[in-house]
Every structure is written in C-alpha cells, then in structure tokens.
Amino acid sequence: NAQLSRMWRLGYRDEAGRMLIVRDPVLPSDAFLGVKYLLESTPIRGLERMDEIGSFSGRSVYRNPYAVPMAFVYDGAKLPTRHYENTFVYQNALFSTLTGRKTELYTPLSWTRYNEGDKSYYSIFVPEGNYLAYGNLLWSSKKTGMMSINGAKPYGYCRWMSPAAFLIRSREEQAQSEEEESLQAVRKRAAAEAAAQEAAMEGTGEGETGLQGAENGDSDAAGTQAADAAEAEEEADTLQPAAQAYDAKELEKLDRAEYADVRTVVFQSEEGLQFKDYQFYGLDLDALREASETIQAGEVSDVTIENGHFACTLEGTRGKSLCLLVPWSKGWEAFRNGEQVQPDTVAGTMITIPLLDGRNEIELTYHIPYLREGWYVSLAALAALLIDILCRKLSGRKKKTKNRKIEREKENGTAYRRNHP
C-alpha cells in the first residue's frame with residue numbers, strides 16, 4: 001500500500017500492511033497530514049490543551065497549532081529523489097520543500113549506550129531550548145522487546161503492534177499522565193481485585209458456598225482476565241526496577257551546565273539488542289512554528305469540500321503550485337479553469353496542481369476506478385446466470401416431457417397386453 005509506505009517515512013509504521021500503529025504523535029508529520037486535534041493521556045510540549053472539553057477515559061483533547069491548512073500555495077518544489085530510512089531527515093526535507101527554504105526541524109541529540117545481559121541502557125541528552133526528544137530504532141526483524149522511558153511503565157517495542165518513532169517525554173510530563181484514569185486501567189484494577197478476593201475466599205474455605213456456585217462464571221472470568229494481564233506484564237515487571245535504578249543514577253550525574261536534561265531509555269529483549277540504526281533527534285518547536293506559519297500564510301480560504309468533490313478559487317502566479325491535503329489515488333480528475341490537467345504530488349502523497357498567472361478555478365472530482373468495467377462484468381455475469389437458469393429450465397421441461405411420454409407408452413403397452421392376452 002503506497003499510503004502506508006509513506007506513513008513509514010513519517011514515523012508511523014504499519015503492521016502486516018493492514019493497520020497503522022500509533023502510540024506517540026510525531027508533530028511535524030501530524031502537521032503535514034492536517035491533524036488539528038489529538039487525544040492524549042500525557043501532556044506534550046507544543047500542544048495546547050482544550051480545557052473547555054472535559055477529559056474521558058484518561059485522555060484529554062489537545063489542539064495542534066502547527067497543522068497546515070487544507071489547501072495552500074507553495075513554490076511547487078519536489079522532494080529530492082533518494083532513499084529515506086531516517087524519518088527525521090525525511091521530515092526536514094519535506095518541510096524544506098513546503099517552505100521553500102532549508103528547514104532543520106530536527107537536530108541529532110547526543111546519546112550513549114551500553115549493554116548488560118538482556119538489556120540496553122541509553123542516555124539521551126537534551127540541550128537548552130524548546131525541544132521535544134524523539135527516538136527511532138530500526139530493526140530488520142522483531143525481537144519481542146520491551147522499552148521503558150525514564151523508568152516509567154514499560155511497553156512493547158520491536159514486536160507485534162509496536163510503534164516505530166517514539167516520544168521521549170520529560171519526567172514532568174510523565175508525572176501528569178492521566179493514563180491510570182483510563183477505562184482499560186480501571187477494568188484491569190477491578191479484575192485484579194476480583195482475582196485477589198477470589199483467592200482469599202478459597203484460602204478461607206468460604207468459596208465453597210452456594211453463593212460461590214451462583215457467581216462462579218463471573219469469578220472465573222475475572223480470574224482469567226487477571227491471569228492474562230499478569231502474564232502480559234511479567235516482562236514489564238522485570239524491566240521497570242532496572243530502568244528506574246538506571247534513570248536515578250543518570251539524573252544524578254547530569255551536568256546541567258552542558259545539557260538541560262538527560263532522559264533514559266532501557267530496552268530489554270532475549271532475542272538480541274542490536275539494531276540497524278539508532279536515531280535520537282530533538283524537534284525544535286520554534287523552528288516547527290516558524291515553518292508552519294510560513295505554510296499557513298499561503299492558505300486558500302475559498303474552498304468547497306463535498307463527498308468526492310473539491311473546488312477552490314485563487315489568484316495564482318506561474319511557477320507556484322496549489323497543495324491539497326488530499327491523498328492522490330486513481331479516480332481523481334483535476335480541472336483548472338475548466339480544462340483537465342494532470343495533477344502532481346508532494347511527498348508522493350498529497351495532490352498538487354500547477355497554477356497560472358491570474359485567476360485559477362480548481363475543481364477535483366472523484367470517480368471510482370473501473371466502476372464502468374465492473375458494471376460490464378457484473379452484467380455479463382448476470383446474463384450468464386440468467387442463461388444458465390433458462391437452460392436448466394428448458395432442460396428440465398424436456399426431461400419432464402420425455403418422462404411423461406415414456407409413462408404414456410408404458411401405460412398404452414400395459415393396456416394393449418390386457419386387451420390382447
């Protein structure tokens with residue numbers, strides 16, 4: 001899937017080519033995709049919390065001020081043709097293309113690593129400034145690993161349904177997490193309490209009453225849930241104490257004259273600790289704001305969007321292009337001032353249309369690819385089905401006629417023998 005492969009470059013991996021795995025927001029990528037609001041359990045620097053909207057299930061609504069508009073004008077440049085394995089380098093190139101000037105949103109961070117047993121210990125040093133820290137460890141095969149950031153509760157990494165790029169939050173942000181208020185966490189605690197209560201009842205012999213029999217189904221379900229949760233968290237329980245001890249040690253050693261903060265990442269796996277590439281970058285939010293404001297300045301406001309139809313009108317200059325946050329796919333037809341044109345793409349994804357001097361009336365319509373051919377095939381199949389049904393009916397009639405004739409001949413023969421013994 002071409003769109004999923006583009007999302008890989010933007011820091012979001014897919015699983016089995018079917019579903020996108022998202023754990024932490026990659027702000028420049030979200031800005032390019034036009035994502036204006038996010039649901040997050042933990043505050044993220046740069047996002048604006050919408051206090052007027054109450055939180056639910058341990059998540060609050062945040063506004064993304066960096067989101068680019070649905071339609072905007074840019075200089076029409078294309079991304080340099082090359083193979084991008086580093087999502088942060090790719091995003092720098094993408095925003096350089098959209099802004100028309102070299103833009104360094106991400107800069108490499110200093111980091112150290114050492115391995116001990118089945119764990120890798122990373123220290124990432126964040127400089128003074130308005131930065132978000134990101135990491136991305138490229139793997140060639142899954143390692144069924146677990147990861148802890150700053151000694152916090154581990155999560156799966158380099159395994160089924162795990163993310164690619166990950167956010168290395170500050171400890172202050174982690175301390176404000178609402179995750180424990182989520183429905184999932186509440187249910188997990190309830191299941192654990194039910195399992196503990198059941199175990200206590202069995203220990204005292206009270207569980208053999210009629211009441212236990214009446215509630216046996218519920219207790220068994222709660223016990224199974226608790227057992228599954230305990231098994232899933234067993235690896236996390238062995239990793240977190242080591243991660244917390246390492247984080248405390250590194251924080252004590254921090255020389256704040258050189259770096260503003262140190263953040264730790266501990267990765268655990270029994271299937272190897274080596275990766276194809278180790279990427280730790282700092283996102284300069286001031287640079288992101290400047291780049292997004294440059295793009296937002298070219299916003300086209302006269303826009304009409306309906307199902308399968310897009311239209312806008314703008315004054316243009318030859319050499320510039322209109323960029324639409326509409327992923328290209330077969331079926332789109334583009335018209336400029338009534339004449340059909342072949343649209344281009346930026347980053348191989350979003351539709352762009354070259355502009356002319358003066359007034360530009362842009363219209364896009366979507367037609368399902370091969371719909372007409374599909375109708376022809378369906379009609380042919382229906383015709384074949386009707387012909388088959390008709391042939392079966394005619395064949396059935398002939399068979400019935402033949403059988404009746406045979407029966408009549410038998411009856412006539414029987415009657416003749418009866419009359420001429």
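A: A helix is here a DSSP run of H or I covering at least four residues, and helices are numbered from the N terminus. The model is a predicted one.

R392 pairs with D388, and their closest N and O atoms are 2.8 Å apart. The two residues stand 4 residues apart in helix α9, so about one helical turn separates them. Their surroundings can be described by accessibility, for which exposed means over 50% relative accessible area, buried means under 20%, and partly exposed lies in between. R392 is exposed because its relative accessibility is 60%. D388, at 36%, is therefore classed as partly exposed.

Positive charge also gathers on the surface. A patch of this charge is formed by K393, R397, K400, R404, K405 and R408.

Y366, I368, L371, W375, Y376, L379, L382, L385, L386 and I389 make up a nonpolar surface patch of about 1,000 Å². The greatest contribution to the nonpolar patch comes from α9, which supplies 8 residues. W375 belongs to this helix. Why is W375 described as exposed? The reason is its relative accessibility of 54%, since the exposed class begins over 50%.

The rest of the chain can now be set beside this helix. The largest nonpolar core contains 41 residues, and L27, F32, F95, Y134 and L283 have the most contacts inside it. Two or more residues are given to this core by each of α2 (27-32), β6 (71-74), α3 (87-99), β10 (131-138), β15 (277-284), α8 (285-296) and β18 (321-327). Among these elements, α3 supplies the largest share, 6 residues.

In total, 17 salt bridges are counted, the criterion being a side-chain nitrogen of Lys or Arg within 4 Å of a carboxyl oxygen of Asp or Glu. One of them joins R169 to D24, with 3.1 Å between the closest N and O atoms. R169 is in the loop between β13 (166-168) and α4 (171-175), while D24 is in the loop between β2 and α2, so this pair ties together parts that are 145 residues apart in sequence. R169 and D24 are both buried. These two residues also take part in a network of salt bridges that links R23, D24, E40 and R169. Another salt bridge brings together the side chains of K102 and E104, at 3.9 Å from N to O. Of this pair, K102 is exposed at 70% relative accessibility, and E104 is partly exposed at 40%.

Most residues other than glycine have a negative phi. A16, which is not a glycine, has a positive phi of about 60 degrees; A16 sits in the loop between β1 (14-15) and β2 (19-20). A347 also has a positive phi of about 60 degrees without being a glycine, and its place is the loop between β21 (344-346) and β22 (350-354). The accessibility classes are exposed for A16, at 56%, and buried for A347, at 12%.

Finally, two C-alpha separations relate positions along the chain. A2, in helix α1 (residues 2-9), is partly exposed at 46% relative accessible area. Its C-alpha atom is 9.9 Å from that of G17, 15 residues apart along the chain. G298 lies in the loop between α8 and β16 (303-306) and is buried because its relative accessible area is 18%.

Key:
Residues numbered from 1 in each chain as written. Predicted model: local features only at pLDDT ≥ 70, side-chain atom pairs only at ≥ 80, totals over all residues. Heavy atoms only, no water. Patch = residues over 30% accessible without salt bridge, like charges linked within 9 Å, V, L, I, M, F, W, Y side chains within 5 Å. Areas by Shrake-Rupley, 256 points an atom, 1.4 Å probe, with all protein chains shown as cover. Lys, Arg positive; Asp, Glu negative; His and termini not counted. Charge placed at Lys NZ, Arg CZ, Asp CG, Glu CD. Core = buried A, V, L, I, M, F, W, Y, C linked by side-chain atoms within 4.5 Å. Buried < 20%, exposed > 50% of the residue type's maximum accessible area, 1.4 Å probe, protein only.
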